[in-house]
Amino acid sequence: TLLENSPALYTKERMGFVNDNISQCLVCTNDFENAILNSKKAQSYYNLRSLSYVLSMQQEFYANFYDGKYEEALKLIENMLLFEIINKGEFRHDKFKFLRACVLFKLKRIKEAVSICNQVLEITKDKGRWDLGIRYLKLMCLIETKDLETAFNSLETLRKTLNRVKTNGKI
């Protein structure tokens, strides 16, 4: 390719970025199999302890999750949570914990998903996005377990939060 044949442009990391970008595009077109292949190819260009490597694993996670391969997605996210570089940044670490909860929900491991949703996570500070995602997931878990009274209370709290966030212009 042009990139590989140009000494001025070629670096291993740049090749990884290109493959990650291709993988992202393939996920958007629902071509999950090739998205996974491209994310794995991207990982081959990165240092195994680098943030780029973990973010490429995240891309592989998304492809597996959207393809319904929840067991594989769970393995990936649990592996990603072990990386030291992720534990240095609470926001990203907690984002991965939330993604793990999403997989657990899809695997019908509802109690484990709720347990994560009940934790005080750094991402809840992002009221207009991640906090809402956690609240939605918890509400779905409560409905799945038929805890309708708690679900109703959570729904009312969510309604109030949405009004408050909307008023503050954060949605």
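Colleague: Which element gives the most residues to the lining of the largest pocket?

Modeller: Helix α9 does, with 5 residues. This is a predicted model, so local features need pLDDT of at least 70, side-chain atom pairs count only at pLDDT 80 or more, and totals for chains, interfaces and linings use all residues. Residues are numbered from 1 along each chain as its sequence is written, and side-chain values use heavy atoms, with hydrogens and water left out. Helices are DSSP runs of H or I with at least four residues, numbered from the N terminus.

Colleague: How should I read a pocket, and what is the volume of the largest pocket?

Modeller: Rolling a probe the size of a water molecule over the atoms shows where empty space is left. On a 1 Å grid over the protein atoms alone, a pocket is an open set of points where a 1.4 Å probe fits, with protein on both sides within 12 Å along at least five of seven lines; lining residues have an atom within 4 Å of a point. The volume is the space filled by probe spheres set on the points, which are joined across faces, edges and corners. Here the largest pocket holds about 240 Å³. It is lined by 15 residues, and C117, I134, R135, K138 and S154 are the closest to its centre. Two or more lining residues come from each of α9 (130–144) and α10 (148–167).

Colleague: How many residues of each class are in that lining?

Modeller: There are 7 nonpolar, 5 polar and 3 charged residues. Ala, Val, Leu, Ile, Met, Phe, Trp, Tyr, Cys and Pro count as nonpolar, Asp, Glu, Lys and Arg as charged, and the others, Gly among them, as polar.

Colleague: How many salt bridges does the structure hold?

Modeller: Side chains of opposite charge can pair when their charged atoms come close. The cut-off is a side-chain nitrogen of Lys or Arg within 4 Å of a carboxyl oxygen of Asp or Glu. The structure holds 9 such bridges. One of them joins E78 and R100, with the closest N and O atoms 3.1 Å apart. This pair links distant parts of the chain, E78 in helix α5 (residues 70–80) and R100 in helix α7, 22 residues apart.

Colleague: Is R100 buried or exposed?

Modeller: Buried means under 20% relative accessible area, exposed over 50%, and partly exposed in between (1.4 Å probe, protein chains only). R100 is buried at 19%, whereas E78 is partly exposed at 31%. Leaving out residues up to four places away in sequence, R100 is in contact (heavy atoms within 4.5 Å) with L74, I77, E78, L81, E112 and I116. In another bridge, D126 and R129 have their closest N and O atoms 3.1 Å apart; D126 is buried at 18% and R129 is exposed at 60%.

Colleague: Which residues have the most contacts inside the largest nonpolar core?

Modeller: In soluble globular proteins, nonpolar side chains tend to be buried together. A nonpolar core is a set of buried Ala, Val, Leu, Ile, Met, Phe, Trp, Tyr and Cys residues joined through side-chain atoms within 4.5 Å. The largest has 35 residues, and F61, F96, F98 and L137 have the most contacts inside it. Helix α7 gives the most to this core, with 8 residues. Not counting residues up to four places away in sequence, F96 touches V54, Q58, I77, M80, L81 and I86. A second, separate core has 6 residues, including L26, F32, I36 and A63.
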